[in-house]
Amino acid sequence: MKLYPKSTVGVALMYTGGALAWLAVLGIAALWFRTILLSPHICCPKIGENVISPLYYFLVTMHGQIGMFIVVPDLTLAAAAYGLYKSKMNILHFKIMTIAFWLINLPLIFAFAGQPTTGWYEYPPLSLQTGTWIVYGAMHDAKLLIGLGYFMQVINTIGAIIGGLTLFFDGYKTRPREGKIPIFAAYGMAFGGMFMPITIVALTGAALWYSLYFWFGVPVNPLTWVVLFWFYGHPVVYYVPFTVFGGLYVLIPHYAGRPLYSERWARWNIALLFTFGMLAWVHHLQTWPLPVAIRAFITPTTLILAAGSGLTVLNLGLTIFTGKGYNWKNPIGMASLIALIGFILGGIQALMLPENPLNILVHNTYYIVGHFHMMIWTIIIIGFTAILLDMLKAKMGNADFSNLGRGLLTAGLMMWTSSALALGYVMSYAGYNGLVRRWDAYPLQYLPYMDAMTYLAVTMAASFVMFAIPILVTLLPIKTSAFWVSTEAPSLPSTSLPGTMAKHDK
């Protein structure tokens, strides 16, 4: 009986499977609380406070925690592992990667069983109250169970640390003997293999602190805890996008019919994104009583980080515009292009956030929700979809899609993108007009916005099913040996020699 994958791409598929399973749960939770928001619960206090509100806040908490604590590490390690495979490098420790997978994906089931209502960010002092856990808080051993729930987060982060470090060192051991590490693998090793373990340690400490509070009464300093949390909480949004950058640096040149415009820029950018990705977290504390010097530190560090992302956009944009004609009709090419465009649009929305006088206008409103969800729906979901489609085509018996499958993929991607952009901008506009996020009892004037958000979310769910069907149908008939048996990776298209592009296209 095969209990773990024995190929590098098998590891990538294992983590992909975990992410897809949790995405389904996350999506159901989102649709559920969206239906609750179709009616503002500002009347009927007994119903609103005792039934509807706890359910709403639990669903929002589970939705966010699944996304940030489980789906993000899964997708990061899946993309990074495929980057090794695509670069003719390998995972060596399959058992350790499998153990890490289960540590990431299973422990939080226990926490969700307690039905926390803290939000994914778990700010004190709210999260230090037993009443924030619907089930565990009502039980006799409330402190023991809640402490154990937080300890499950500790185990979850340990899984991500083990998985990331194992991938990094295995990649380093199997790197090319001559020349540099290929760009896809370099980004995967940097951000999935090292950036994630370094920053997620802060969440390990924050969650362990809460466990010690409930078990032994160890006091929690709110400001210190928040600093610890956001040292993880901001970099976590980059785990998948920066790893996906490595894939786009390979896929977009391929479908543009030319080498990457500047591989040197791409490699310089690793150092810039790695460094400032761990400095920009301070802007999450703008509403705290910070010294002027720290406030002055917020804007330049965030804008320098944005400049690093802009360098990626410029590099890939010049690759497209100076190419022989971008093949956007291919589903992989289309998904790669959508990921890039979505990242640009979501990034533009964020430019006002590090500016202290402007941030106060939209802080804690739906403007923020619209911004980061546009990033999630494009660079993360669609960017990873491009990598997954290439994974299927390159490794899984050269699997290709039928005309019907291509049609579903194309229609689903276009429908998803139009709905996601519309939903993101509706959220942001509502937030700019003052709609506070995470409230189920909102003023009636915002009801039309909530209606539009819900209908667009349902459309996105339908479009996700559309492009998921051909992917699943392609996976089903493939022999399981592709998952277990290690085979040679396909040739990686060069970023400097034009003659290699046509060869890779065959």
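Is Gln115 buried, partly exposed or exposed? Gln115 counts as partly exposed, with a relative accessibility of 27%. For these words, buried is under 20% relative accessible area, exposed is over 50%, and partly exposed is in between, using a 1.4 Å probe and protein chains only.

Okay, some ground rules before we go on. This is a predicted model, where local features need pLDDT of at least 70, side-chain atom pairs count only at pLDDT 80 or more, and totals for chains, interfaces and linings use all residues. Residues are numbered from 1 along each chain as its sequence is written, and side-chain values use heavy atoms, with hydrogens and water left out.

Back to Gln115. You'll find Gln115 in the loop between helix 4 and helix 5. By helix I mean a DSSP run of H or I with at least four residues, numbered from the N terminus. The phi of Gln115 is near 55 degrees, a positive value in a residue other than glycine. Glu122 sits in the loop between helix 4 and helix 5 as well, and its phi is also near 55 degrees. Glu122, though, is buried, at 1% relative accessible area. Then there's Pro125, again in the loop between helix 4 (108-113) and helix 5 (142-173). A cis peptide bond, with omega about 0 degrees, joins Pro124 to Pro125. Why point these out? Because most residues other than glycine have a negative phi, and most peptide bonds are trans.

Next, a helix pair. Helix 6 (residues 183-216) and helix 8 (residues 239-256) have axes that come within 8 Å and cross at roughly 175 degrees. Those axes are lines fitted to C-alpha atoms over the stretch in contact, and the angles run from 0 to 180 degrees between N-to-C directions. So helix 6 is roughly antiparallel to helix 8, a label for angles over 145 degrees.

As for Tyr15, leaving out residues up to four places away in sequence, its partners include Asp74, Leu77 and Phe101.

Leu305, in helix 10 (residues 292-321), is buried at 2% relative accessibility. Its C-alpha atom is 7.2 Å from that of Leu272, 33 residues apart along the chain.

Last topic: how many salt bridges does the structure hold? There are 2, each being a side-chain nitrogen of Lys or Arg within 4 Å of a carboxyl oxygen of Asp or Glu. One pairs Lys86 with Asp390 at 2.7 Å, N to O. That pair links distant parts of the chain, with Lys86 in helix 2 and Asp390 in helix 13 (residues 366-394), 304 residues apart. Lys86 and Asp390 are both buried. Arg267 also forms a salt bridge, with Glu263, at 2.7 Å between the closest N and O atoms. Those residues are 4 apart in helix 9 (residues 263-276), so about one helical turn separates them. Glu263 is partly exposed, at 23% relative accessible area.

How values were computed: Helix = DSSP H or I, 4+ residues; strand = E, 2+ residues; numbered from the N terminus. Parallel < 35°, antiparallel > 145°, perpendicular 65-115°, else oblique. Contact = heavy atoms within 4.5 Å.
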